[in-house]
Amino acid sequence: ILASVHFDRVIFEGGFVGEIGSNPRAEAFLEHTLQLCSSLGSTCSLGYGIEHEVQAEFFKKIGCRRAQGNLFYRPFELERFKKLCMKENVLAHCCRSA
């Protein structure tokens, strides 16, 4: 079924991310899933729920260049978010539609 479905983005989250650093099987699953998705045309991947440096390093190692989670920023109010986006030019770094 996956071979017949077109998708351009993949998000890795939840239990698998929490297993990074302690479960080699979860890490293998994530790495090979990223490779499979890339070979099927996915151009954007995101590691979601990153809380520890080991998780960020793992995603970097397997070629997942976008990450989100408390390691980088904790939740905060909308006004602060808008200022951060303007300062960091966040829109220039977002995934683009295919």
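Glu79 is partly exposed, because its relative accessible area is 47%, where partly exposed lies between buried (under 20% relative accessible area) and exposed (over 50%), computed with a 1.4 Å probe and protein chains only. Glu79 forms a salt bridge with Lys82. The model is predicted: local features need pLDDT of at least 70, side-chain atom pairs count only at pLDDT 80 or more, and totals for chains, interfaces and linings use all residues. Residues are numbered from 1 along each chain as its sequence is written, and side-chain values use heavy atoms, with hydrogens and water left out.

**The salt bridge**

- The structure holds one salt bridge, a term that requires a side-chain nitrogen of Lys or Arg within 4 Å of a carboxyl oxygen of Asp or Glu.
- In the pair formed by Glu79 and Lys82, the closest N and O atoms are 3.5 Å apart.
- Side chains of opposite charge can pair when their charged atoms come close.
- Glu79 and Lys82 are separated by about one helical turn, because they stand three residues apart in helix 4.
- Lys82 is also partly exposed, with a relative accessible area of 40%.

**Overall architecture**

- The protein chain has four helices and three strands; these are DSSP runs numbered from the N terminus, with helices (H or I) of at least four residues and strands (E) of at least two.
- Along the sequence, these elements follow the pattern β-α-α-β-α-β-α.
- Of the 98 residues in the protein chain, 28% are buried.
- The protein chain exposes about 7,200 Å², and carbon and sulfur atoms supply 56% of this area; accessible areas come from the Shrake-Rupley method with a 1.4 Å probe, and for residues only the protein chains shown count as cover.
- Among contacts (heavy atoms within 4.5 Å) between residues at least 6 apart in sequence, 54% join residues at least 24 apart.

- Three strands form an open sheet in the order 1-2-3, with parallel pairing; two strands pair if DSSP finds at least two bridges between them.
- Strand 1 (9-12) and strand 3 stand at the edges with a single partner strand each, so one side of each has no neighbour in the sheet.
- From one strand to the next, the twist averages 20 degrees; axes are lines fitted to C-alpha atoms, for helices over the stretch in contact, and angles run from 0 to 180 degrees between N-to-C directions.
- Four bridges join strand 1 to strand 2 (residues 44-48).
- Within this pairing, Ile11 stands opposite Leu46, and Phe12 stands opposite Gly47.
- Val10 and Phe12 belong to the covered face of strand 1, whereas Arg9 and Ile11 belong to the uncovered one.

**Before strand 1**

- Asp8 lies in the segment before strand 1 and counts as buried, because its relative accessibility is 19%.
- The C-alpha atoms of Asp8 and Ser38 are separated by 8.9 Å, although these residues are 30 apart along the chain.

**A nonpolar surface patch**

- Leu71, Phe72 and Tyr73 form a nonpolar patch on the surface, with about 270 Å² of accessible area together.
- Patches consist of residues with over 30% relative accessible area and no salt bridge; like charges are joined within 9 Å, and nonpolar side chains (Val, Leu, Ile, Met, Phe, Trp, Tyr) within 5 Å.
- Phe72 lies in the loop between strand 3 (66-68) and helix 4 (78-88).
- Phe72 counts as partly exposed, because its relative accessibility is 39%.
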